[in-house]
Every structure is written in structure tokens, then in C-alpha cells.
Amino acid sequence: MRKIKLALCDDHTLFRVGMATILGQVHDFELILEAGNGQELIERVPRKMPDVVLLDLQMPVMDGTATADYLREHWPLVKIVVLTMHDEDRMVLHLLEKGVSGYLLKDAEADEVEKAIRKVMDEGVYLNEFVSKAMLRKMTNKTNVAKPVNAFYNSKILLSEREKEVLTLICEGLSTNEISEKIFLSPRTVEGHRLRILEKTGTKNTAGMVAYAFKNSLV
């Protein structure tokens with residue numbers, strides 16, 4: 001079985017040591033790179049090329065936001081899971097919209113970190129309860145402001161009825177296969193709708209698309 005190659009970027013040595021110990025206990029995880037800041041990480045990524053980067057936000061030299069931007073631009077296939085103490089809704093949605101695949105707080109349990117890594121590898125996105133609540137609060141705040149009845153047709157993009165349906169189910173956390181079974185379409189057709197929604201919204205991955213949908217009241 002091919003191991004999932006991981007990189008860990010955090011300026012706190014004790015946290016890295018603890019996280020490395022946790023990741024080392026998972027049989028198909030391989031921590032191939034540790035870095036104390038974003039600059040150190042991106043200098044070493046080309047020689048290592050991880051599948052998933054666990055990324056802190058507040059670091060010296062090059063912070064997590066700038067690092068995520070660089071990774072998305074130069075190595076878009078590398079998945080990014082933010083692992084931070086910052087719990088502001090605005091930051092969560094901002095980073096997801098920029099292409100981050102998952103957002104975890106540092107008080108997350110070890111099994112959730114493992115689940116998030118596997119989820120972003122299998123489906124490209126991990127939306128936990130914390131992220132879902134941030135999105136819900138954003139949506140609730142928008143509903144308190146007067147707006148046109150049909151948000152889809154008064155927003156910046158125009159989605160077909162089927163695309164709206166697929167987007168809504170994606171935002172509910174369903175996988176391609178689960179959506180396929182629910183609305184009686186082939187997985188290939190569902191994936192085609194997902195790709196068209198990505199193109200229309202101008203987002204980089206499923207996590208960004210979901211964040212865009214909530215930010216712009218599309219669901």
C-alpha cells in the first residue's frame with residue numbers, strides 16, 4: 001500500500017515533535033518533511049513533494065497564508081490542511097476560498113487529524129463541524145440583510161438547476177458517489193457538474209467552492 005506523504009510546517013518545535021509522534025503511529029502515513037516556517041517549507045518541497053501539508057498560520061519569515069498562496073500556485077496537487085489556533089470565521093472562509101482543503105484547530109483530537117488527511121486525499125476536502133458552523137454563521141448573517149428572492153440569478157454567476165442541486169449536496173458534505181446515488185446520475189456526470197461549478201465560481205478546489213457558495217449566499 002502506498003503511504004500518504006506528509007509535510008508539517010509549524011514554528012513551535014514541541015508541537016512539531018508531538019504531531020510527528022502522532023502521525024508516526026499511523027501505518028500508512030509517512031512524515032517526509034518538517035519546517036519551521038513557510039520559506040523553509042517551499043525551499044524543500046520540490047525535493048520531497050508531499051501529498052498533504054499540515055500548515056500553521058502564524059509563523060516568522062513567511063506565514064501560513066502566504067505559504068498557502070505559493071503552494072496553490074506552484075504545486076496545486078499538494079493538499080493543504082491548516083492546523084492553527086485561529087478560529088475567526090473570516091479567516092476560515094478566506095483560506096478555504098483560496099484553495100485550502102481543510103481547516104483544523106490545534107485542540108483537535110488525533111483521530112480527527114487522521115480523518116482530515118484521509119478525507120482530503122480521497123475527496124479533496126474536509127469540512128468538520130467547526131468549519132460548517134462558521135459557514136452557517138456567515139449564511140445566517142447574510143439572510144438578515146434584505147436581498148432578492150433568487151440569490152442564484154442575482155449573484156455574480158449563473159448556475160443551472162442541476163448545478164444548484166449538486167452544489168447544495170456538496171455543501172452538505174456528500175461525496176461524488178453519494179450525490180450520484182441520491183440524484184440518480186453517474187459519478188462521471190456529477191464530477192462534470194462539479195468541474196463546471198468550479199469554473200464558474202473561479203475557485204481552485206471543492207473547499208474553495210463551498211466557501212464561495214456560503215459567502216455569496218448560493219446555498
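User: Is the crossing of α4 and α11 left-handed or right-handed?

Analyst: Welcome! This is a predicted model, where local features need pLDDT of at least 70, side-chain atom pairs count only at pLDDT 80 or more, and totals for chains, interfaces and linings use all residues. Residues are numbered from 1 along each chain as its sequence is written, and side-chain values use heavy atoms, leaving out hydrogens and water. A crossing is left-handed if the near helix is turned anticlockwise from the far one by less than a right angle, and right-handed if clockwise. For α4 and α11 the crossing is left-handed.

User: At what angle do α4 and α11 pack?

Analyst: Helices are DSSP runs (H or I, at least four residues; strands are E, at least two), numbered from the N terminus. Angles run from 0 to 180 degrees between N-to-C directions, with axes fitted to C-alpha atoms, for helices over the stretch in contact. Helix α4 covers residues 89-97 and helix α11 residues 206-215, with axes 7 Å apart and an angle of about 130°.

User: Which residues of α11 does α4 meet?

Analyst: Contact means heavy atoms within 4.5 Å. From α4, the residues L93, L96 and E97 take part, and they meet A207, G208, A211, Y212 and K215 in α11.

User: How many residues of domain 2 are in contact with domain 1?

Analyst: The domain assignment, whose bounds come from an automatic or database source, gives domain 1 as 4-140 and domain 2 as 161-216. Their centres, taken over C-alpha atoms, are 23 Å apart. On the domain 1 side 14 residues are in contact, and on the domain 2 side 12 residues.
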